[in-house]
Structure formats: structure tokens, C-alpha cells
Amino acid sequence: QYSALKHQLETLTAQELQARKEQDYNQFLYDELVAANLSAPQEDEADEQVQLESEAELLNHTEQLQEAFTAIVQNCDNDDDGIIARLTKAKADLAHIQSYQADLPEIAMRMDSTIIELRDIISSIQQINNNLDYSPQRLQYITDRLDLIYRLEKKHATNSITQLIAIRDNLKSTLEAQQSLTEQISATMEEVDNAFKQLQATADLLTQCRLEAASYIETSILPILTDLGMRESQIQVRLTPSSDYGNMGHDDIQILFNANRGGELKPLHKAASGGELSRLMLAIKVICNQVNTQTAPTQQSDYRKSLIFDEIDTGVSGDISVAVGKMMRQMNYGCQVIAITHLPQIAAKADQHFKVSKAIDATANRTISTMSPLTTDQRINEIAVMLSSNPPTAAAIQIAHELMN
């Protein structure tokens, strides 16, 4: 949990570092867009840029428009020579003759409507012309405003105010996320501290248990080693704090050993021979088994543990091998002990024997290994073979009987 939280904190810290590098620039971009005071267009309404561009176009051509409107009014509404005056005279001429032709009254009415429509058009043009108000200050404001919008669009590689507003909102979210990241780091740091305290407490408890176990091993193993012919042996389990916490706690563990009186305690792999290592391993297994079986099993399901010794008798012979065999037999309380051995003194202590042998399958051109259970007579015979030769001597068979009993 501590490692996972620490990794999470490192990831968040790296993200915050990158965010801080970008924060000032993002803040500048956001402030610039906020200062621009951009607003999204209402429904069915052109955005500010389109409106300003239209107004600028109008202001830039105000004088041209006014001249055109004045000419139009003069052409249409000149008292003597305008279009309306001419149509009015034409209408009067038509009135004199309309009684002579059935279609002429309708034409006179259409002409009258045309004059009315034309007068209305002239009125609208005059109203538009009167409303034209050229303002250099307004034009300058629009020019400056459009320059700002164009500059922001170019900077952000976009072409509309709506997109600029979206960029502004994204920058706001990014800045808020940076603030949230800082708060998340603070919370994670607290979790890391709490996890480390739990880690320390658990590791300290484990160290205390190990110190007690080390003392127990140092005291309990000496009588066993004495039985195994290592009367002058010394052993010490040394615990030192490791440089960091790991899956095995906060301890570096070293077993120091000396097999001879007056010798120097050295690390086990430097001080023990092959035979001594075998007996030490057996002694440690005996101690562990004693601890595990201090409480008698209450159900058959408790007898499930198996100990497997693969030639643990390396370098052992004579009386010591007898002691090893007895000790292994004593260990089978509450568990199953399986031993692979070439020593008859050890093999004789077993309750049941299997013989492992190899044969060549000529047909398949390969070697086959087999394992066969042995009867009582076969067990005696095989132990006798281990003692002498194949076939065994009578003396070897007699010794085999004695060893098994």
C-alpha cells in the first residue's frame, strides 16, 4: 500500500511540475481572453465580429452612401424634373383620356400606386440617410476591437469568437484542474505518511518477533547440533536495519557460524562445510517443526504438512548418520517426512520405502525412471545392498535387520 501510494504521489508530483511550467502561460492566455470580454451570440443573431465588420463597412462608406442617397432623392423628387413630378404629370395626362379606353382607368390606378410606392421609397431612403452618422471615434473603436479579435484568433489558430470562447473555457478548466492537482497531492502526501507509519509499526513488530525467534534459535539449536556431532559449534543470528523497507520488512538477516572451539564466527556460507550445512539445515527444520507442532493437531486434516529432504545427509556418515536418521524420525509427529538418501542408517528409520531406479528403453531409445514400493523383505535387502554389495552379504542382511529394529 505504501509503495502504491508513493508511486501515485510521484506521478502526481510529476504532473504538477509539468502543470506549473505551463501554468503561467495558460494563466496569461486565460486572462487575455477574459479581458477581451467576448460574449457568445444569442440565438438567430450574428456574433460580435460579424456585426462589427458590417458596421465598419458602413462607416467606411458613409460619405459615398450619403452622396448616392442625395442623388437618388433628387432624381426622384425634384420639384420640376424629378421622376415623381414626371409621373404626376403623366397621371394627369392619362386622366384626360381614360374615359376613351376601358383599360386606362386601371392603368391610372397602377400609376397612382407607383407614385405612392416611390414616395414611400424616397421617405425610407431619406430616413436611412438621416440616420447615417459618421463617427471617427466609433470607427476607431471598431477597428481596434476587430484588431484584437483578429489577433486572438490568429494566436489560437481559430476563426470565430465562438471558438475563442470555447478555448477560454478550456483554459479555465485546466487552471482549476491544476489547483485540484495541488489539493490531491496534499491529500496523497497525508495518505503516504499514514501508510509509512503503519509500515514502520508492522516492520518494527516483525523485527521484534525476529529478535525473539533469533534468540530461540540460538538457544534451541545447540543441543540439536550436539546430537548431530557438532558439540563445539557456535551460531548467531544477526539482525541489522536494512537501508530501506521491502517486502521482507526492515531487516538484513545474517546467520554467523563457527564449528570449532575458539574459532571466529563467520557468515554461514563461508564457515560451514557441506556436511555441516546439511546438519545445520536439518537442525533448523527440527526447530521449525517443534514450533509448528507445539499444539497437538485436533483433526485429521491438520496432518497435511510434508517435509522433503533431498540428500540432506551430504557429508554425513557413521554415528552422525544414525543420529540424523533418529532425528528425522522424531520429526514425523504431525507431518509427513520424505527423505531421498543413500545412507542405510537414515533409510532404515523410515516407515515405508520406495526404490527409485533407471532403465533404458531400447525400443524408444530413452531412459525411464521408475519408483516402486518395497515389502518388508525387499526393504531389508535394499538396505543390505546399501551396506555391502548386490547381492548383499549375510552380514549386511543381519546389520540391516538391526538397523531397522
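## Cysteines

The structure holds 0 disulfides, a disulfide being a pair of cysteine sulfur atoms within 2.5 Å.

## About the model

You are looking at a predicted model, in which local features need pLDDT of at least 70 and side-chain atom pairs count only at pLDDT 80 or more, while totals for chains, interfaces and linings use all residues. Residues are numbered from 1 along each chain as its sequence is written, and side-chain values use heavy atoms, with hydrogens and water left out.

## Overall form

Let us step back to the whole chain. The C-alpha trace spans about 170 × 60 × 45 Å along its principal axes. The radius of gyration is 54 Å, whereas a compact globule of 405 residues would have one near 22 Å; the value is taken over C-alpha atoms, and the globule rule is 2.2 Å times the number of residues to the power 0.38. Of the 405 residues, 32% count as buried.

The protein chain contains 13 helices and 7 strands. These are DSSP runs numbered from the N terminus, helices being H or I with at least four residues and strands being E with at least two.

## Strand pairing

Now for the strands, where two count as paired if DSSP finds at least two bridges between them. Strand S1 (residues 234-246) runs antiparallel to strand S2 (residues 249-258), and the two pair over 9 bridges. A hairpin through 2 residues joins S1 to S2. Within this pairing, Ile235 stands opposite Phe257 in S2.

S2 also pairs with strand S3 (residues 266-267), again in the antiparallel sense, over 2 bridges. There, Leu256 stands opposite Pro267 in S3.

## A nonpolar patch

Which residues form a nonpolar patch on the surface? They are Phe354, Val356 and Met371, with about 330 Å² of accessible area together. Patches are made of residues with over 30% relative accessible area and no salt bridge; like charges are joined within 9 Å, and nonpolar side chains (Val, Leu, Ile, Met, Phe, Trp, Tyr) within 5 Å. A salt bridge is a side-chain nitrogen of Lys or Arg within 4 Å of a carboxyl oxygen of Asp or Glu. Areas come from the Shrake-Rupley method with a 1.4 Å probe, and for residues only the protein chains shown count as cover.

Met371 lies in strand S7 (residues 366-373). With a relative accessible area of 56%, Met371 is exposed.

## Backbone details in the loops

Asn37, in the loop between helix H1 (2-35) and helix H2 (48-60), has a positive phi of about 55 degrees although it is not a glycine. Asn37 is exposed, at 57% relative accessible area. Ala157 is not a glycine either, yet has a positive phi of about 55 degrees. Ala157 is found between helix H6 (136-155) and helix H7 (161-227), in the loop, and counts as exposed at 72% relative accessibility.

Finally, Asn390 and Pro391 are joined by a cis peptide bond, with omega about 5 degrees. Pro391 belongs to the loop between helix H12 (376-387) and helix H13 (394-404).

Key
Buried means under 20% relative accessible area, exposed over 50%, partly exposed in between (1.4 Å probe, protein chains only).
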